[in-house]
Amino acid sequence: MPKMKTNSGAKKRFALTGSGKIKRKHAFKSHILTKKTKKQKRNLTHMGLVANVDVNNVKRLLCLK
């Protein structure tokens, strides 16, 4: 059986933490920023965690499961 290939789009978007959780970036921070408030842009800067319902799908894309 051949090796599983990691999804190249997913490996650019997600990272593992030391405890095994999956980090992600927030959406809506790349363009059309003039109409967004400073507070909104500042809060989108921080990294988030993948929701529990999506963890299995992301792990499958990263060949962790």
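Gly9 sits in helix α1 (residues 8-13); helices (H or I, at least four residues) and strands (E, at least two) are DSSP runs, numbered from the N terminus. The model is predicted: local features need pLDDT of at least 70, side-chain atom pairs count only at pLDDT 80 or more, and totals for chains, interfaces and linings use all residues. Residues are numbered from 1 along each chain as its sequence is written, and side-chain values use heavy atoms, with hydrogens and water left out.

Gly9 counts as partly exposed because its relative accessibility is 21%; buried means under 20% relative accessible area, exposed over 50%, and partly exposed in between (1.4 Å probe, protein chains only). Gly9 is 55 residues from Leu64 in sequence, and the C-alpha atoms of the two are 15 Å apart in space.

Three strands make up an open antiparallel sheet, in the order β1-β2-β3. β1 (15-16) and β3 (48-49) stand at the edges with a single partner strand each, so one side of each has no neighbour in the sheet. Strands pair if DSSP finds at least two bridges between them; β2 and β3 do so over two bridges, in the antiparallel sense. Lys23 stands opposite Leu49 in β3.

The loop between β2 (22-24) and α2 (38-45) holds Lys36. Leaving aside neighbours within four places in sequence, Lys36 is in contact (heavy atoms within 4.5 Å) with Phe28, His31 and Lys41. A polar atom of the Lys36 side chain lies 3.2 Å from the backbone oxygen of Phe28. The side chain of Lys36 also reaches the backbone oxygen of Ile32, at 3.3 Å.

Definitions and conventions: Polar contact = N/O pair within 3.5 Å; in protein donor to acceptor, adjacent residues only side chain to side chain.
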